[in-house]
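Let's walk through a model together, one question at a time. Have a look at it first, then read on.

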Amino acid sequence: MKQALIQKLLALFCLGWLLLSFPLITLWDHPATVFGLPLLPAGVFAVWAVLIAVLAWLMERETG
Amino acid sequence: MISTPLVVVTGLAYLLLLFAIAWYGDLRAARGRSIISSPWVYALSIAVYATAWTYFGSVGRASVDGIWFLPIYLGPTLAMVLGWIVIRKMIRIARTHRITSIADFIASRYGKSSVIAGLVTVIVVIGIVPYIALQLKAISASYLMLTAPADQEAPLAAVRWWEDSALYVALALAGFIILFGTRHLDVTERHEGMVAAIAFESLVKLLAFLAVGLFVVYGLFNGLGDLFSRAMADVELARLLRFEAGAHSDYLFSQWFGLVLLAGLAFLFLPRQFQVMVIENVDERHLKRAVWVFPLYLLLINLFVLPIALAGLMFFANDGADPDLFVLSLPLITGHEALALFVWIGGLSAATGMVIVEAIAVSTMICNHLVVPLLLKTRRFRDRSAGDLTRLLLNIRRLGIVFLLLLSYLYFFLAGEAYALVSIGLISFAAVAQFAPAALGGMYWKGGTARGVLAGLGAGFSLWVYTLMLPSIAKSGWISGDFVEHGPFGWAWLRPEQLLGLTGLDPITHSLFWSLLANIAAYVLVSLWSRPGAREASQALLFVDVHQRGGNPQPVFWQGRARVEDLQRLASRFLGAARTAALFEDSNGHTMAGARAGEADARLVQQVETQLAGAIGSASARVMVASVVNEEDLELHDVMRILDEASQLRMYSRALEEKSYSLQQATEELRAANEQLKSLDRLKDDFMSSVTHELRTPLTSIRAVAEMMHDDPDMPNDRRQEFLDIMVRESERLSRLVGQVLDLARIEAGHAEWHNSDVDMAAIVDQAVASMAEQYADRNARIEMSGERRPGLIRADADRLIQVLLNLLSNALKYLPDEDGKVRIHIADTQEGVTVTVTDNGPGISEAEQAEVFDKFRQVGDRRRRQGGTGLGLPISRQIIEHFGGRMWVESVPGEGAKFSFFLPRQNEPEHTGAAAAEPREEEARP
């Protein structure tokens, strides 16, 4: 149980690092807008928020 | 503008409120009802990470570099993803060893080395002073902005030092920190009040920043869409929303990577973060929620950074307003003074929060790792055996706080104007990141040695000074910038920002790369080539394996002789009389035997040392304890021996546990086996009594008839004939019964003889029907056949199958009605095997009886029809069918007849053949 959580956290860390650094972060780098928001900041904040949400889900699911 | 007295009074009132919260927090802690024992408060206190640099500097950076303010917050977010792994281990270690600071943490790991502790402290002081100066600069600049007349530019700095508000801010803060940071001596006895105040400050700065963000987005513009569309209409501003905005477009990748890594490492090893995350942690489980709440906090406080920066740039188009202060100038210029004041309070929170925690943490380090070791070297201090030293230590810490803040003020006064907030902060981050190899390596690698750490820290710190600190000083104009441009003595390959001609990196990444490279390389290589001392080896084991020791007592790495009296005197000097008494009463429970004769055992000595470490750091505590006890030098093999003993003890207890568990299991199994035997025994008894009962019935009738014939010699002939018929019939039944019992016993025991051959089921059915035809005719009953009659060959014993069918047919006949009795035999031949069904139109069998028909001697239905049956036919039939890998079952609806079926597989595999496996297989004998 404990080991499984640790492995999931490591995987999440790798995923977060990949999504928030080169070259994947440049995927958002276009002069476009979503809902009137510029794509790059909106994309980075969205990835960030999802990362936090998954982390919260992993940690809160574990009891004790 | 806002009048100066109003601002000053508001600021002081806010500080007083903080003090009240801290006081209340301490009060509650003293009563044992902590107000900070909550994961939310813990997460908010970690948010001390967001300083004035975040509050003001992020907007400043965003207005120049676009989204490049973000790596500073993405780094800690990623570090927090691993927080449950890394920070939890740090907390566990710190609690076990009563660690007081990051310097203590590293020094304790490497054999409680006072040299390492001192070096780390020096690096911290040099690295952190600019960072504290940055906070002073922020408070001062925001104060000046708030109080400057609207039509006048805010003065850049006060001209003379005694007019400088920053000096008074620094002194006021020093007083404030002394008041609630250094009341107790023992820093591992946490500063609950301070943590409460810091958490409150985090809340205030978040709310203030969100308030100004909402004001800008919805007060000055019509929402985010409006703001961004207007910004994107401007080519210059649209550029900020793209990635290349971060100045050096050539090395975007390395710079982004470097900043994320730098922020992540600094987050873990900044003295104030270590203080709130590790030392002030009340309960390890709080970390579980904090690891996601803290990143969420960072996300929220950064949400409006970019909008505010863009709004500021549009509002103050090119009129030279300081982007660092947009959060203040935007509400001020639009006449929202109350909001501006609130925002200023938020900025004050961000700055004071950082200064308070940092000053407490660093002053502790200065006291424990620089001053106390020096004092210990002086004879007078060591010999002053009487007297309480706690007051002296407290005063050293207070002086340390004043010293640190004045030093920061000096830096601010001399160099503060040269740099934007962000650059100063990054320089400090790079200094603190040097601790990462020693600290992380120490937590996960047992091979790191003190020499390795000294070499690594020395190399990394020197390179940091040369490649980052000196150039920044040169840029402030305090030393000549020549060596930055052309290298020292004109040696271009030594240029600090292109060391060895390495280009393609911005200064921060360049410095981080070289210093960490040298640091890690020196740490690893020197560690590999040096032998750890005994104390290093033992501490390495205790640190790296901290999770494995869970509930087990720690092994005690100490040997020698110590008098309780000496230890008591030593402890009371540093801990005070009350705590010392408590400590020795406490441990008496454990150490009665050792302490009785006035001798302390190893565990007690270690306990005293750990308590002292909480007051003066592990390295100094080691020295002090060594000075009063008569200890034997610990060699590496002693460490191994002690460890062996401890692990042996653990092993014994585990082995004992396992043994008792397996014993318990064996008992369970034995009990189950016994139950089974008992029930088998009962079955055998039942069987025996059934057999004897069944045998007695025909015997009794034979005997009765025989006695009658014997007693009456004049019996008429025809009557005699009738009696003889009965005797013959009953003896036949008797021998049939005996034959069946023997048969069943043989089949069950696997001794029956089987003559297997390929048989045609249809032929067998025909044969059985033929031999029953006469009996059926006697009762006017019919047999009908249906189903496929193609020659399906099955490997089986033909005689046995006939026996089964005869059994079923004679059974059916017994229960057929007297009129119009009818039995239908159906053969279904499929790929898998053959199913034969025998259906009668008798009274049927009830649900309950269906379960019993295959039991031995169990005859169902009314008594009249059972006559002549032995109760063994069906059990034997079932045994035969199962022997060939098939199965037999009954279906019946009472009143509509019964349907007996059996299925024989075409391929009766050996595992299905049961008893046959033990038989000689005829197929094998064939050629």
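**Confidence and contacts in chain B**

Q: How many contacts beyond four places in sequence does the model have for residues 909-927 of chain B, where pLDDT stays under 50?
A: Keep in mind that this is a predicted model, where local features need pLDDT of at least 70, side-chain atom pairs count only at pLDDT 80 or more, and totals for chains, interfaces and linings use all residues. Residues are numbered from 1 along each chain as its sequence is written, chains are lettered from A and ligands numbered from 1 in the order in which they are written, and side-chain values use heavy atoms, leaving out hydrogens and water. pLDDT is the predictor's confidence in each residue, from 0 to 100, and a contact means heavy atoms within 4.5 Å. For residues 909-927 of chain B, the number of contacts beyond four places in sequence is 25.

Q: What is the mean pLDDT of chain B?
A: In chain B, 86% of the residues reach 70 or more. The mean pLDDT of chain B is 81.

Q: What area is buried between chain B and chain A?
A: Buried area is the accessible area (1.4 Å probe) that two parts lose on being put together, summed over both. The contact takes 37 residues from chain B and 35 residues from chain A, and carbon and sulfur atoms give 81% of the area. The total comes to about 3,400 Å².

Q: Which residue of chain A forms a salt bridge with Arg289(B)?
A: A salt bridge is a side-chain nitrogen of Lys or Arg within 4 Å of a carboxyl oxygen of Asp or Glu. The count between chain B and chain A is one. With the closest N and O atoms 3.0 Å apart, the partner of Arg289(B) is Glu60(A).

Q: Which element gives the most residues to the side of chain B that touches chain A?
A: Elements giving two or more residues to this side include α4 (71-81) and α5 (83-97) of chain B. The top contributor gives nine residues, and that element is α14(B).

Conventions:
Helices (H or I, at least four residues) and strands (E, at least two) are DSSP runs, numbered from the N terminus.
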